[in-house]
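Let's take a friendly tour of one protein model. Have the sequence and the 3D view ready as you read.

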Amino acid sequence: GNVLNPGSYGVNAFATVINSLISSGGFKDNSSLRNIKINNNGTIKEIDLYDFLIDGDTDKDVLLNDGDTLLVPGISDSVSVFGAVNTPAIYEIASGETVLDLINFSLGFNVDADSNQVTVKRKNAIGSFASISVKEEEFKSFEVQNGDQILINKVSGDYLNNIDVIGSVRNQGQFEYYEGAKIADFIDLDTDLLDSTY
């Protein structure tokens with residue numbers, strides 16, 4: 001299938017699907033990681049590598065037998081996640097997955113994220129993208145579709161109680177404003193003025 005080095009491999013008696021995929025050199029860029037098929041004398045099993053890659057869960061890894069065949073198909077449905085998340089990327093999706101699943105795949109919001117809502121860009125029948133705002137309480141119920149783009153916006157907050165001292169002074173910087181503050185509280189006329197100060 002869609003691996004870098006397809007072929008037959010000799011593996012030890014305790015080899016699993018994950019061990020064998022590593023032996024084959026890994027995946028091509030357009031490989032499915034969620035629908036790997038194991039054929040054991042006509043019995044077909046499937047494994048979803050996202051359980052292992054994202055959650056670290058190896059419980060569903062399958063012990064292989066002599067003569068087993070692994071098939072890695074191409075990727076089918078996918079969603080792009082970009083913006084203020086820890087791992088922006090294109091993720092393969094399964095039926096019924098939601099915005100919350102995709103946020104988890106991308107390892108959650110980073111420190112700059114607006115976690116109250118995200119924007120989903122969805123292509124319509126004529127190829128145009130419509131923007132849909134999804135609020136935090138809808139993350140768990142809003143199902144994603146093939147081709148969706150999920151944008152996690154950044155929070156750009158204002159500075160509060162803030163004074164900037166800039167220019168021809170030694171003591172430049174940001175300082176906290178408080179009621180009754182005077183210029184002399186931030187600029188010492190004896191030590192902070194430079195030769196170039198007007």
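Helices (at least four residues) and strands (at least two) are DSSP runs, numbered from the N terminus. Keep in mind that this is a predicted model.

- Look for Ser106 in the loop that runs between helix H3 (99-105) and strand E6 (117-123).
- Is Ser106 buried or exposed? Buried means under 20% relative accessible area, and Ser106 counts as buried because its relative accessible area is 0%.
- A polar atom of the Ser106 side chain sits 3.0 Å from the backbone oxygen of Ile103.
- Leaving aside residues up to four places away in sequence, Ser106 touches Val81, Val85, Asn86, Thr87 and Tyr91.

**The largest pocket**
- This pocket holds about 470 Å³ of space.
- Its lining has 23 residues, and Gly7, Tyr9, Ser20, Asp68 and Leu70 are the closest to the centre.
- Helix H1 (17-23) and strand E3 (69-71) are the elements that give two or more residues to this lining.
- By type, the lining residues are nine nonpolar, twelve polar and two charged.

**The second largest pocket**
- Here the space is about 220 Å³.
- Among the 14 lining residues, Leu33, Tyr50, Ile90, Tyr91 and Glu92 lie nearest the centre.
- Helix H2 (50-53) and strand E5 (89-92) each supply at least two lining residues.
- Which element gives the largest share of this lining? It is E5, with four residues.
- Ten residues of this lining are nonpolar, one is polar and three are charged.

Technical notes
Residues are numbered from 1 along each chain as its sequence is written. This is a predicted model: local features need pLDDT of at least 70, side-chain atom pairs count only at pLDDT 80 or more; totals for chains, interfaces and linings use all residues. Side-chain values use heavy atoms; hydrogens and water are left out. Buried means under 20% relative accessible area, exposed over 50%, partly exposed in between (1.4 Å probe, protein chains only). A polar contact is a pair of N or O atoms within 3.5 Å; within protein, one must be able to donate a hydrogen and the other to accept it, and residues adjacent in sequence count only if both atoms are side-chain atoms. Contact means heavy atoms within 4.5 Å. On a 1 Å grid over the protein atoms alone, a cavity is a set of points where a 1.4 Å probe fits but cannot get out, and a pocket is an open set with protein on both sides within 12 Å along at least five of seven lines; lining residues have an atom within 4 Å of a point. Grid points are joined across faces, edges and corners, and a volume is the space filled by probe spheres set on the points. Ala, Val, Leu, Ile, Met, Phe, Trp, Tyr, Cys and Pro count as nonpolar, Asp, Glu, Lys and Arg as charged, and the others, Gly among them, as polar.
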